[in-house]
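The sequence and model come first.

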Amino acid sequence: MEDQYYRRVLSSLSVCLGGLSHGAMLSWPAEVLPQLTRPSSRLGWLDQNMITWIVSINFIGCMLGSLLAAPLMKTTSPRVIIGCSSLLASLSWLMVGLSNSPFTLCLSRVSLGCGNAVLMASVPSYVATVAPLNCRGALSSCYGLALGLGLIYSVALGITISWSSLSLIASLPSFILFLSSPFLYNPTKSNTANSPPDLVSSTRQPVPKVDRPLLLFLYLAAMYMLSGVCPLGTFAEMLFTDERTFVAADLILAS
C-alpha cells in the first residue's frame, strides 16, 4: 500500500512536466520576435502580418486540442492520452527549432498548441483522480506552478540563446514526460478490492455540474481575452522599449 502511495505522488508530479511546455509556448515570442525580425534571420524578411500569425496561430491548435481532448478522455486511457500528447508537443518543439520558413514555423506552432491543449485538459483530471487524498490539493496546483515556471525560464533563456536553441531545450520536459508515461499509475487497471480507499472513493464521486456551462465558458474566455494578458506577454519587449523603465529582469518578473 505504501509503495502505491509514493507511486501515485510521483505520477502526479511527473505529469506536471507538461506545464513547462505550455508555459514556454506562451512566453516563447517575448524574446524570439526581436530575433526573427533581424535581417540575418534564417526565415528571411517577415512583415508585421506574418509576425502576428506566428505569434497567435498556436491558439488555433489549442482550440483543436481542447475539442479533441473531450472525446479522447471518455474512450482512451489517461496514460495513452498523456503519452501521445507529450510526444506531439516534443516533436512540435523540434519542428519549431528546425523551421526554415514561416509556413513551417506556423504549422509547428499549431501542432504545439494542439499537444499542449490536450495535456492541459487531461493532466489536472488525472492528478485529481490519482493523487492521494491528504496531498491532492497541493499536487493539483503543481501544474499551474509548472506553467508559471515555463513562462519564466523561456524568457530568461531567450535573452541569452538563439530561438532555435530555446525551442530545442523546450522540447525536453515533454519528451521526459513521454518516456515516463508507461510507468505512470493507471487508475483504470486498479482492482477495486486492491485499490487504496481514497482512490476508490474519488472514482465513485458524482461528476460536478454547473448551470449553463457553455455560457460560463464563453464568459471566462471573453474575460481572458479582454484582459490583455496574451498581447502583453507576447509583445512585452516591443511594447516596453524604454530601457530606463524596463530591463530584461523586469520582463522576466512580469511574465
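Axes are lines fitted to C-alpha atoms, for helices over the stretch in contact, and angles run from 0 to 180 degrees between N-to-C directions. Helices are DSSP runs of H or I with at least four residues, numbered from the N terminus. The model is predicted: local features need pLDDT of at least 70, side-chain atom pairs count only at pLDDT 80 or more, and totals for chains, interfaces and linings use all residues. Residues are numbered from 1 along each chain as its sequence is written, and side-chain values use heavy atoms, without hydrogens and water.

| Item | Value |
|---|---|
| Angle between H8 and H9 | about 155 degrees |
| Distance between the axes of H8 and H9 | 10 Å |

H8 and H9 (residues 163-180) pack against each other, and they are therefore roughly antiparallel, a term for angles over 145 degrees. In H8, Tyr153, Ser154, Leu157 and Gly158 are in contact (heavy atoms within 4.5 Å) with Leu166, Ile169, Ala170 and Pro173 in H9.

H8 covers residues 142-158, and its end C-alpha atoms are 24 Å apart.

**Ser11**

Ser11 belongs to helix H1 (residues 2-14) and is buried, with a relative accessible area of 4%. Its side chain reaches the backbone nitrogen of Tyr185 at 3.0 Å. Not counting residues up to four places away in sequence, Ser11 touches Tyr126, Phe183, Leu184 and Tyr185.

Key:
Helices (H or I, at least four residues) and strands (E, at least two) are DSSP runs, numbered from the N terminus. The expected span of a helix is 1.5 Å times one less than its number of residues. Buried means under 20% relative accessible area, exposed over 50%, partly exposed in between (1.4 Å probe, protein chains only). A polar contact is a pair of N or O atoms within 3.5 Å; within protein, one must be able to donate a hydrogen and the other to accept it, and residues adjacent in sequence count only if both atoms are side-chain atoms. Angles under 35 degrees count as roughly parallel, over 145 as roughly antiparallel, 65 to 115 as roughly perpendicular and the rest as oblique.
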